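I opened a notebook for this structure. Below are my entries, in the order I looked things up.

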Amino acid sequence: MKKKRMIGSAVLSLAMGVSMFATGAFGAGPQESQDTYRVLIQGPSAEKAKVKEQYGKRWDFGNQGFTTEVNGKQYQALLKNKNIEVSQVGTHSVDARVEGNGKGKGDYTAQAAYPSDQTPWGIQAIYNDNYIQATSGGDGIKVAVLDTGINRNHIDLTDNVEQCKDFTQTTSSLVNGSCTDRQGHGTHVAGTAVANGGYDGAGIYGVAPQAELWGYKVLGDNGSGYSDDIAGAIRHAADEGVRTGTRVVISMSLGSSGKDSMIASAVDYAYSKGALVVAAAGNSGPSANTIGYPGALTNAVAVASLDNSFVNGTHKVSDFSSRGNPNTDGDYYIQERDIEVSAPGGGIYSTAVDGNYTTMSGTSMATPHISGLAAKLWSANKSWTNAQLRSEIQRRAKLYDIKGGTGAATGDDYASGFGFPRVK
């Protein structure tokens, strides 16, 4: 009998868990009253320089402008300045769909730290092996998880953590060495991508347990975050990949219903620097044209969610999973607002923020399956470009559509994209 690993005295107990996907809102920031405004300043260089000197900057996006924080009186003064353009920075916030006890974080109950399942159904499905006991792969590839942070001390994650950075602090646009997750979403996502089984191999396993984890906190403790912080983190991850001469997979289980120019530009920048960007499709299904951003961008891989159920022998797309544009079905080409691939997202068991394990559902949970797969494939083929890796992921995909499971073996469907890509 195995000795119990008592890391903490509590575990998040959720039935089907919480579906996590960030939806957009504009106005007050995540943890601030409307007396404080996060704004984007655009205009002629000379005029921007004057404003920057007066109010300071948070993020500077070059020709796109810069962001800063001002109080209500300063905001009104900026609006009266006819020489610049002023717009409020959008926020991304966690949209929690709760099943079970109705509490967003679940009940805390005493439990031993060993997981009830070392290779949950999503891991078995993406490996196409119902009897797999441990996973491997991802060595040398960086997986940047942009989320609520991570529990860097979780026994199944700690050896993977290479970078831990906070992009949400008001005193600085970036804080090194800090990525504390007080919400739980980011820790759960990270586990699905890279959990390594812990020091004794008795913990949980992610898709690519040998990949290096970059925990980037871009959402606050309430699950909300500013677009400029997210855009800054995307660019930073891409630059770090260039600086270190390594391949980077940027994993974002967040989004909004509307397109944000700062994030869109950052995704394009990251892709041009060789990074692969993977993002959640959203939890606004099952109607068509409900996909969220940044997943809907052409340079991001949008991931839909699959349930652990079968229709005519195939996985069913989750009802909550956002859909793309049905008018582009079968064109074998990814356009803006298209789903690209699908992965397990319903009832996903993974690492919990308190050091134990819990279950959540959503396209947030589907996304790290694909991020982990990308790391595993890239590790074995380091000469590939991000475009070649993306093509290989599409090639491996098999179509599982919502239409009663009657889709073809391969294809391009508005609900599931090219389908479900697997390790084998």
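Is tyrosine 332 buried or exposed? I note at the start that this is a predicted model. I looked up the residue and found tyrosine 332 exposed, with a relative accessible area of 53%. The cut-off for exposed is over 50%, so the label holds.

I stayed with tyrosine 332. It is found in the loop between strand S19 (314–317) and strand S20 (341–344). Then I checked arginine 337, which lies in the loop between S19 and S20. Arginine 337 is not a glycine, yet has a positive phi of about 75°. I found arginine 337 partly exposed, with a relative accessible area of 24%.

**Entry: cis peptide bonds**

Which peptide bonds did I find to be cis? One runs from glycine 285 to proline 286, with omega near 10°. Another runs from tyrosine 293 to proline 294, with omega near 10°. I placed proline 286 in the loop between strand S17 (276–280) and strand S18 (301–311). Proline 294 lies in the loop between S17 and S18. For background, most peptide bonds are trans.

**Entry: a four-stranded sheet**

I traced an open sheet of four strands, in the order S5-S6-S4-S7. The pairing is antiparallel. Which strands are at the edges? I found strand S5 (59–60) and strand S7 (85–88) there, each pairing on one side only. Next I looked at strand S4 (residues 36–42) and strand S6 (residues 66–71). Six bridges join S4 to S6, and the two run antiparallel. I picked out tyrosine 37 and found its bridge partner in S6, valine 70.

Then I looked for helices on this sheet. Helix H1 (residues 45–55) packs on the sheet and touches S4, S5 and S6. The direction of H1 makes about 45° with that of S6. Helix H2 (residues 72–80) packs on the sheet too, touching S4, S6 and S7. For H2, the direction makes about 125° with that of S6.

**Entry: H5 against H6**

How do the axes of H5 and H6 cross? I had the two helices as H5 (residues 227–244) and H6 (residues 261–272). Their axes come within 8 Å and cross at roughly 5°. Angles under 35 degrees count as roughly parallel, so H5 is roughly parallel to H6. I then listed some residues of the contact. On the H5 side they include Ile230, Ile234 and Arg235. On the H6 side they include Met262, Val267 and Tyr269. The residues of this contact divide into 10 nonpolar, two polar and three charged.

**Entry: nonpolar cores**

Which residues have the most contacts inside the largest nonpolar core? I found Leu276, Val303 and Leu389, in a core of 56 residues. Helix H7 (residues 363–380) gives the largest share of this core, eight residues. Leaving aside neighbours within four places in sequence, leucine 389 is in contact with Leu276, Ala374, Leu377, Trp378 and Trp384. I also noted a second, separate core of 40 residues. Among its residues are Phe61, Tyr216, Ala237 and Ile291.

How values were computed
Residues are numbered from 1 along each chain as its sequence is written. This is a predicted model: local features need pLDDT of at least 70, side-chain atom pairs count only at pLDDT 80 or more; totals for chains, interfaces and linings use all residues. Side-chain values use heavy atoms; hydrogens and water are left out. Axes are lines fitted to C-alpha atoms, for helices over the stretch in contact, and angles run from 0 to 180 degrees between N-to-C directions. Angles under 35 degrees count as roughly parallel, over 145 as roughly antiparallel, 65 to 115 as roughly perpendicular and the rest as oblique. Contact means heavy atoms within 4.5 Å. Ala, Val, Leu, Ile, Met, Phe, Trp, Tyr, Cys and Pro count as nonpolar, Asp, Glu, Lys and Arg as charged, and the others, Gly among them, as polar. Two strands pair if DSSP finds at least two bridges between them. A nonpolar core is a set of buried Ala, Val, Leu, Ile, Met, Phe, Trp, Tyr and Cys residues joined through side-chain atoms within 4.5 Å. Buried means under 20% relative accessible area, exposed over 50%, partly exposed in between (1.4 Å probe, protein chains only).
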